[in-house]
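Hi,

Here is the structure I said I would pass on to you. Have a look at it first, and then read my notes below.

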Amino acid sequence: MQLGLIGLGKMGGNMRERIRRAGHDVIGYDRNPEISDVASLAELVDKLEAPRVVWVMVPAGAATQSTVDELKDLLSEGDLVVDGGNSRWTDDEKHAEELAAKGIGFVDAGVSGGVWGLENGYALMVGGSDENVAKVKPVFDALKPEGDFGYVHAGKVGAGHFSKMVHNGIEYAMMQAYAEGWELLEAADSVTDVREVFRSWQEGTVIRSWLLDLAVNALDDDEHLDKLRGFAADSGEGRWTVEAAIDHAVPLPAITASLFARFSSRQDDSPQMKMIAALRNQFGGHAVEKK
């Protein structure tokens, strides 16, 4: 099928390549002319054959809103917009309503895979009507990992980003547990090779995971994480997860504590946050602060 893709950064650029490798026609637009296939959103829309499918991969909030606003005036009845960024699920409901007023469909897609997605595939959590989701299914099939898993039509509009938000909340708590264990091992005089302890956990243990593999990668690069400052940002999804838990009266002590730990990292040079920062850099290419 043919797809318009807006936003060709760390995620979007690799997604364009993976979709093309699957045999689909992707026309990409980015504000950086060196990586963009067209000079403007208007040119992107002009090059697509109706009914058009346009996938948005720009930062959540104002950037996504302005892109949806512009597409609303450029697209026609029967076209479809997919928001694959990390938008809040309440924004999805708003965007779907705004676009529906002009007969334009909307699908939200939570995307996980980071900088490794080009080769490994992207986990996709999708929200929208059966009809609209079906229009994008060839692209979902191209992006997902090989095998039976890695894709779900989670429910109606907003369900995809809500599921991705909870995924990221769980990710916060898992990273925090690895970080706390690493700091305790580093503090113990009797443990002389913390990196190899982590490596030994990669096989045969109940805590083996991709995050653990990435922790070992980070320790191979910098055995005691001496090069990093103990500072870790939060993307917003951890906060949204805790807010949703409050709204639904669901207790999330581990996820909430991991979010607050990141706040603490902005006050002190936290050893635990060195590991959090290293893991975020490993799986998502997120920036780290050097000493």
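What follows is a short tour of what turned up.

First, some housekeeping. This is a predicted model, where local features need pLDDT of at least 70 and side-chain atom pairs count only at pLDDT 80 or more, while totals for chains, interfaces and linings use all residues. Residues are numbered from 1 along each chain as its sequence is written, and side-chain values use heavy atoms, with hydrogens and water left out.

Buried here means under 20% relative accessible area, exposed is over 50%, and partly exposed is in between, using a 1.4 Å probe and protein chains only.

Leaving out residues up to four places away in sequence, M275 touches A179, W182, F198, A215, L219 and L225; a contact means heavy atoms within 4.5 Å.

Is L225 buried or exposed? Its relative accessible area is 1%, so L225 counts as buried. A249 also has a positive phi, of about 55 degrees, although it is not a glycine. That residue belongs to the loop between α10 and α11 (253-265), and A249 is exposed because its relative accessibility is 68%.

L225 turns up again in a pocket. The second largest pocket has a volume of about 160 Å³, and its lining is made up of A218, D221, D222, L225, K227, L228, A278, N281, Q282, V288 and K290. A pocket, on a 1 Å grid over the protein atoms alone, is an open set of points where a 1.4 Å probe fits, with protein on both sides within 12 Å along at least five of seven lines; lining residues have an atom within 4 Å of a point. Grid points are joined across faces, edges and corners, and the volume is the space filled by probe spheres set on the points. α9 and α12 each supply at least two lining residues, and α12 gives the most, with 3 residues. The lining divides into 5 nonpolar, 2 polar and 4 charged residues.

Now the strands, which count as paired if DSSP finds at least two bridges between them. Strand β6 (residues 123-127) is mostly covered, with 4 of its 5 residues buried. It runs antiparallel to β5 (residues 105-112), joined by 5 bridges, and D108 stands opposite G127 in β6. With β7 (residues 151-155), β6 pairs in the parallel sense over 4 bridges, and V126 stands opposite H153 in β7.

β3 and β4 also pair in the parallel sense, over 4 bridges, and V56 stands opposite D83 in β4. In a regular strand the side chains alternate between the two faces of the sheet. In β4 (residues 80-83), both faces are covered: L80 and V82 on one side and V81 and D83 on the other are all buried.

The peptide bond from A50 to P51 is cis, with omega near -5 degrees, and P51 lies in the loop between α2 (41-47) and β3 (53-56). H95, in helix α4 (residues 89-100), counts as buried because its relative accessibility is 1%. Its contacts, not counting residues up to four places away in sequence, are T64, Q65, V68 and F106. S129 is in the loop between β6 and α6 (130-143), and with a relative accessible area of 36% it is partly exposed.

Cheers

Note on methods. Ala, Val, Leu, Ile, Met, Phe, Trp, Tyr, Cys and Pro count as nonpolar, Asp, Glu, Lys and Arg as charged, and the others, Gly among them, as polar.
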